[in-house]
Amino acid sequence: MSNLSNIDDRHSRFELRTLLETSRLLIESQDPDFVLNNLLLITMGKLLVSKGMILIYKPGEDTYLVSRSKGRGWHKEESEINANVSIGQQETGVLIGEKHSELFEELGIEKESVLFNLKTSNYHIGFLCLGPKGNKQAVTERELEFIESLTIISSVAIANSRMFAEMRLINRRLDRKVHDLNTLLQLSKDFNLMVDRDEIARVFKFAMLGQMLIRTFFFALDVNGKKSIVSISGVKEVPSEEELDYLFELEDITHTSKESTCEFLSENNIQLVIGLRFQNEKIGVVGVGARANKQEYTESDVNFLQSLGNLALLTIQKTLLLEERLEKQRLDEELNLATTIQRGLLPDPLPSIEGFDLAAINVSSRQVGGDYFDFIQTPDGGHLLAIADVTGKGVPASLLMANLQSMLHALAPIDVSLGEASGSINNIIHDNTPADKFITFFWGKISEDGSRFKYVNAGHNPPMLFRDGAEKPILLEQGGVILGAMPTLMPYEANEIEFKKGDLIVFFTDGVTEAMNPQQTEEYEEERLIECVLKNRDKSSQEIMDAVIVDINKFADNIQYDDITMIVLRVN
Amino acid sequence: MKNFSISIRQVDAVRVLDISGELDAHTASQLENSLKSLIDQDQILIIVNCRGLDYIASAGLGVFMAYIEDVRGMGGDIKLTNMNERVYNVFDLLGFPTLYDIHDDESEALTGFKK
């Protein structure tokens with residue numbers, strides 16, 4: 001008897017030690033494979049069985065994966081078994097063949113085998129299957145207890161290592177996210193310092209290559225309707241114009257298929273194309289090729305691509321706007337200079353002509369304009385007086401105005417008749433300007449003694465001659481057609497008037513008579529001009545002119561649409 | 001200019017690039033130029049020794065991506081060595097260790113080229 005109990009004691013001690021050592025080994029291990037392998041070997045050795053399996057439950061698919069299989073005749077490792085395991089069975093510690101014959105059949109194991117549940121208090125991990133004992137004897141209660149203890153310890157170890165692995169994965173994902181954010185943050189700082197578009201595009205490219213682990217990449221931009229590749233890597237051939245158009249027409253996020261009809265996409269194995277928008281308009285497209293780690297592009301990759309792409313796009317947009325602003329600044333400076341030059345082309349101060357009281361004004365609606373007036377002394381002591389209006393406004397009109405000014409100054413010293421000179425000027429302008437550019441032009445010459453005024457009107461608003469006592473002005477209309485419309489076929493006809501004391505002539509451009517009221521329904525017109533002049537008839541030229549300007553401004557509520565030029569000449 | 005520098009050494013048939021400082025968006029093009037000129041001269045056994053490298057940004061990693069296939073296609077390789085832990089972490093996070101030959105020490109990489 002004492003001998004038997006001695007053996008029992010030794011057994012117990014051996015089992016306790018095994019349990020203790022195994023538990024230490026398993027708990028310290030963070031490798032589930034190691035844990036499972038050890039569990040299988042220890043238990044097979046303990047029961048002296050020649051077949052053993054570890055089945056791991058796959059909750060999503062409701063199947064069992066054969067994670068370990070030793071011995072012959074059972075399922076191979078890595079195979080999967082469909083087995084109906086009830087919830088009750090998933091919660092039972094030990095299952096024996098007699099009671100669960102159906103399940104044993106499904107698993108393909110003999111009914112003398114035993115299933116030990118691998119489970120924690122929360123969930124079912126799988127089963128440890130041990131085949132029939134080599135000596136055909138039944139498994140004793142004590143053996144069952146021992147192995148159950150081992151499976152419990154192993155289950156805890158597996159659950160722990162699984163949790164650990166999951167944590168490690170989460171940590172790594174977090175690290176990656178932090179890195180992604182850092183990249184975005186760093187690049188937004190870097191881009192801020194860059195003004196060179198090529199550099200921005202290049203940095204964007206390298207950041208993409210590094211971040212996505214890719215080699216193939218393209219970045220295309222649409223700048224004012226012109227699409228082009230701004231940076232590219234690893235492609236065989238750059239996309240054609242049609243292909244670029246196609247890329248811009250794709251959905252904003254396009255996972256391309258292998259059968260893409262676009263050769264550029266399929267040839268270079270571009271897997272993802274992302275459209276980038278600025279103020280809702282698609283002006284950029286980014287494409288990325290296959291990743292070197294063979295991974296698919298996830299939603300978070302797409303997000304990152306979009307963010308970084310938008311960052312690059314905005315930076316490039318910023319440089320374009322900056323350039324536009326600089327260009328505008330340069331143009332403004334040029335225009336200011338042009339204004340100064342044009343001012344210099346007009347007589348300032350006005351000359352004084354003996355026997356006359358003179359006033360003149362020129363107000364451009366823009367920085368430069370197409371109105372012109374001038375006084376030029378001729379070699380014989382007379383004075384040329386001119387007023388003109390070039391069609392259109394701004395720079396084009398001002399160029400033609402300058403051209404006319406130089407012609408008049410070249411002609412003034414030469415003794416030619418007004419009519420002939422008008423014909424020559426018309427031919428020159430007609431030859432040298434587009435068909436839709438004309439000049440209405442009036443010029444006249446005050447004789448050397450100031451008694452006569454000879455003039456030619458080439459389609460200009462007729463100047464008004466107010467004579468003492470008359471209620472209506474005489475219109476100075478004679479001359480010919482507008483300058484620049486056609487070659488001089490009919491000579492320009494000059495007309496001459498004798499000045500009388502008190503004569504008042506008002507010369508003006510259509511900016512005066514066509515000034516609009518704020519409602520844009522009515523023009524100032526000749527009637528109002530005549531009325532205003534008559535009302536101020538006895539005042540000085542300057543006062544009459546000021547009165548007209550005040551009247552126009554009142555009528556138009558100070559809004560000027562066209563250049564305004566006016567000369568008032570009074571015979572003393 | 002940012003604190004970044006490259007110098008090139010020759011060890012037998014291998015060109016060793018010693019890079020130090022910060023490899024980021026601004027300095028990536030310097031590395032690109034060095035790699036490009038080595039490739040142009042058919043020097044395709046390349047070791048990039050990162051002993052002095054304090055920081056690497058994604059743009060820096062992108063330069064390696066852009067040239068590795070060309071170099072390998074010509075029968076050479078770019079091996080990386082002597083990274084500090086922080087720099088290695090970035091390489092690791094983006095998945096570089098599976099694609100690149102990364103060694104703790106330059107001598108291992110040199111031995112690798114001799115095989």
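This is a predicted model: local features need pLDDT of at least 70, side-chain atom pairs count only at pLDDT 80 or more; totals for chains, interfaces and linings use all residues.
Figure 1. Across the interface of the two chains, chain B and chain A, three salt bridges are found, and seven residue pairs are in polar contact between chain B and chain A. On the side of chain B that touches chain A, the elements giving two or more residues are helix 1 (28–40), helix 2 (58–73) and helix 3 (85–93) of chain B. Helix 2 of chain B supplies the largest share of that side, nine residues, and the residues of the side of chain B that touches chain A divide into 12 nonpolar, five polar and four charged. The contact takes 21 residues from chain B and 21 residues from chain A, and the area buried between them is about 2000 Å², of which carbon and sulfur atoms give 61%.

**Figure 2. The aromatic pair of B:Phe64 and B:Tyr100**. Over all chains the structure holds 19 aromatic pairs. B:Phe64 and B:Tyr100 form an edge-to-face pair, 6.5 Å centre to centre and with 70° between the planes. B:Phe64 lies in helix 2 of chain B and B:Tyr100 in the loop between helix 3 and strand 5 (101–103) of chain B, so the pair ties together parts that are 36 residues apart in sequence. B:Phe64 is buried, with a relative accessible area of 0%, and B:Tyr100 is also buried, with a relative accessible area of 5%.

Figure 3. Leaving aside neighbours within four places in sequence, the residues in contact with A:Phe217 include A:Phe204, A:Met208, A:Leu209, A:Ile232 and A:Val286. A:Lys205 is also in contact with A:Phe217; these two residues are 12 residues apart in sequence, and 7.2 Å apart in space from C-alpha to C-alpha.

**Figure 4. The salt bridge between A:Glu323 and A:Arg197**. The structure holds 27 salt bridges over all chains. In the one formed by A:Glu323 with A:Arg197, the closest N and O atoms are 3.2 Å apart. A:Glu323 lies in helix 9 (residues 299–345) of chain A and A:Arg197 in helix 6 (residues 197–212) of chain A, so the pair ties together parts that are 126 residues apart in sequence. A:Glu323 counts as partly exposed, at 41% relative accessibility, and A:Arg197 is partly exposed, with a relative accessible area of 27%.

**Figure 5. The salt bridge between A:Arg277 and A:Asp252**. The closest N and O atoms of A:Arg277 and A:Asp252 are 2.7 Å apart in this salt bridge. The pair links distant parts of the chain, with A:Arg277 in strand 10 (residues 270–278) of chain A and A:Asp252 in the loop between helix 7 (241–249) and strand 9 (253–255) of chain A, 25 residues apart. A:Arg277 is partly exposed, with a relative accessible area of 36%, and A:Asp252 is partly exposed, with a relative accessible area of 26%.

**Figure 6. B:Asp24 and the backbone nitrogen of B:His26**. B:Asp24 has its place in the loop between strand 2 (14–23) and helix 1 of chain B, and counts as buried at 2% relative accessibility. The side chain of B:Asp24 reaches the backbone nitrogen of B:His26 at 3.0 Å.

Definitions and conventions: Residues are numbered from 1 along each chain as its sequence is written. Chains are lettered from A and ligands numbered from 1 in the order in which they are written. Side-chain values use heavy atoms; hydrogens and water are left out. Contact means heavy atoms within 4.5 Å. Buried area is the accessible area (1.4 Å probe) that two parts lose on being put together, summed over both. A salt bridge is a side-chain nitrogen of Lys or Arg within 4 Å of a carboxyl oxygen of Asp or Glu. A polar contact is a pair of N or O atoms within 3.5 Å; within protein, one must be able to donate a hydrogen and the other to accept it, and residues adjacent in sequence count only if both atoms are side-chain atoms. Helices (H or I, at least four residues) and strands (E, at least two) are DSSP runs, numbered from the N terminus. Ala, Val, Leu, Ile, Met, Phe, Trp, Tyr, Cys and Pro count as nonpolar, Asp, Glu, Lys and Arg as charged, and the others, Gly among them, as polar. Rings of Phe, Tyr and Trp (its six-membered ring) pair if their centres lie within 6.5 Å; planes under 30 degrees apart count as stacked, over 60 as edge-to-face and the rest as tilted. Buried means under 20% relative accessible area, exposed over 50%, partly exposed in between (1.4 Å probe, protein chains only).
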